[in-house]
Amino acid sequence: MLGFISARQAGLDDPLRLRRAESTRRVLSLELNKDRDVERIHGSGINTLDIEPVEGRYMLSGGSDGVIVLYDLENLSRKPNYTCKALCSVGRSHPDAHKFSVETVQWYPHDTGMFTSSSFDKTLKIWDTNTLQPADVFQFEETVYSHHMSPIATKHCLIAVGTKSPKVQLCDLKSGSCSHILQGHRQEVLAVSWSPRHEYVLATASADSKVKLWDVRRASGCLTTLDQHNGEKSKASSEAVNTAHNGRVNGLCYTSDGLHLLTVGTDDRMRLWNSSTGENTLVSYQESSVSFCFDLKDFF
Amino acid sequence: MASRRRSGRFGKHRPGPEAVEAALREAAELFPRRSAALPALVLRHQLYGLAGDRTAVDRHLNRLQAEGRIRLLHLGLGPDTVAVVGAEEYRETVLRAVEGSPSAPLVRRFLDGVRPLLSFERGQLEEMGLKDCDVTQLVAAGVLTVRDAGSWWLALPGAGRFIRALLHGRKQLLAAVRRSRHREVLQAELGQRRARPSLGLRYVLLDLLGAELLRSVPTTSGPLLRLAET
């Protein structure tokens, strides 16, 4: 470590090397924090968490019993041992609480006055944080698996919703109705995510093994369907068989600069994609890859 | 100090294309050349262990395929299992397999115009001048395998024998490990067990380790093979 710092100081190494070495070292020595704890409110499993992007002080959690709890993460006591308190919650007795499990909660990206939650009871609710009343409710025909609102959007207030139906719905906050439907998937849509780089680009992942990138301004369909074999993208290929994984695609995550997209699937693989060209970068994330580098010569 | 190579956990030198090429050659040598009907087939996951880095192997193989020096084939062992074979050898083997049959000129036309892809769709095949009846003939000849309605994998005719031998060899080795008292066998002792796969012990072992059906644990008496928990 000191070697890296002195090399950086002398100009022998470029700055990225020290940054990578130190962040890798910290990630590999990640441990559970023994001093901080969170007050226990939920009675059953917690499905989703979100920390507000403005200050990083308030956290929301959604449980499989339909309860949503709001926590304050700031340590105001002078002691290092601290339990984060729950400020308020939308419990089972709340008249507008979700009836079934809450799948996704997300803070409104621009301030903490509002948050959204979606649940297996086929609704997406927009909550006012101060009064804890739903300001709006969107009803769907099928159970809602996931929703996401763009963190950088200034020109639109669309929430992308992935449900059991193959159509991705975009709900507009300003008008209070579902303004778009994106057609293209053949089975349920398990995850949706807006790009942190382009406010109109959306990625959706479905149980039919496909991941599609959409520009919501375009009327004619998705931009690309990601192909794990990096086949040809010509006019002759219809992209109908391009699969991102060999099983269902469970989760999607953009890197913070929006240049790469990570997808995970039920084929036990995690894949990294270049989000502008849609090509598979072929980076492998298996820890067992190092374990059997044996030399065939010292064998028999 | 300027010339000192940075080494250590974070400065580990990533195996480059030369390592992947060396691994390819090594694995190809392990393939038994009993008959001339089959070219030296290497499975992609066998290279992961020899080269040590999956990313480098995948990227180098993709580059070689784009340059047209190798072909990646689908064998039918699973959606992820891909076989690597030299482009010239593949062409010779396929032509030899269809020699004398009425679809030989069609196969030749396909091989001349085929692009370096693993999977083909109807539109791409039409661009090459192949109609539906031609595609049916190619599937019957074994050059293409059905993937989905309107899309096909590139395949090797006559690969059935190889797949049968590989699966049999896999079963033999796995049974040998399972039969041992603690379900684990030292790699050096594996030859003493009743396992004589026709493809060669080292070839099948590389395949099992790459497909992660067996796990290799380093011990003081050499690597130990254990069944992967599923």
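Leu28(A) has a relative accessibility of 56% and therefore counts as exposed, where exposed means over 50% relative accessible area, buried under 20% and partly exposed in between (1.4 Å probe, protein chains only). Leu28(A) belongs to helix H2 of chain A, residues 15–28. Helices (H or I, at least four residues) and strands (E, at least two) are DSSP runs, numbered from the N terminus. Between Leu28(A) and Arg8(A) there are 20 residues in sequence and 22 Å in space, C-alpha to C-alpha.

The model is predicted: local features need pLDDT of at least 70 and side-chain atom pairs count only at pLDDT 80 or more, while totals for chains, interfaces and linings use all residues. Residues are numbered from 1 along each chain as its sequence is written, chains are lettered from A and ligands numbered from 1 in the order in which they are written, and side-chain values use heavy atoms, with hydrogens and water left out.

Another residue of chain A is Glu103(A), which sits in strand E6 (residues 102–107). Its relative accessibility is 21%, so Glu103(A) counts as partly exposed. Phe120(A) is 17 residues from Glu103(A) in sequence, and their C-alpha atoms are 6.9 Å apart in space. Contact means heavy atoms within 4.5 Å. Apart from neighbours within four places in sequence, Glu103(A) is in contact with Asn47(A), Thr48(A), Ser118(A), Ser119(A), Phe120(A), Val144(A) and Tyr145(A).

Chain A as a whole is divided into domain 1 (33–139) and domain 2 (144–300); such bounds come from an automatic or database domain assignment. The C-alpha centres of these two domains of chain A are 26 Å apart. Their contact takes 19 residues from domain 1 of chain A and 17 residues from domain 2 of chain A.

Now to chain B. It has 9 helices and 9 strands, and its C-alpha trace spans about 60 × 55 × 30 Å along the principal axes. Of its 230 residues, 50% count as buried. Among contacts in chain B with a separation of 6 or more, 58% are between residues 24 or more positions apart. Chain B also has a domain 1 (88–154) and a domain 2 (159–227), with C-alpha centres 35 Å apart.

How do helices pack in chain B? Helix H1 (residues 17–30) and helix H2 (residues 44–51) of chain B pack at about 120°, with axes 9 Å apart. Axes are lines fitted to C-alpha atoms, for helices over the stretch in contact, and angles run from 0 to 180 degrees between N-to-C directions. H1(B) and H2(B) are therefore oblique to each other: angles under 35 degrees count as roughly parallel, over 145 as roughly antiparallel, 65 to 115 as roughly perpendicular and the rest as oblique. On the H1(B) side, Ala19(B), Val20(B), Ala23(B), Leu24(B), Glu26(B) and Ala27(B) meet Leu47(B), Leu50(B) and Ala51(B) of H2(B). This contact of H1(B) with H2(B) has 8 nonpolar, no polar and 1 charged residues. Here Ala, Val, Leu, Ile, Met, Phe, Trp, Tyr, Cys and Pro count as nonpolar, Asp, Glu, Lys and Arg as charged, and the others, Gly among them, as polar.

A second pair in chain B is helix H8 (residues 159–179) and helix H9 (residues 201–210), whose axes come within 10 Å and cross at roughly 80°. H8(B) and H9(B) are therefore roughly perpendicular to each other. Residues of H8(B) in the contact include Phe162(B), Leu166(B) and Gly169(B), and those of H9(B) include Leu201(B), Tyr203(B) and Asp207(B). By class, the contact of H8(B) with H9(B) has 9 nonpolar, 1 polar and 2 charged residues.
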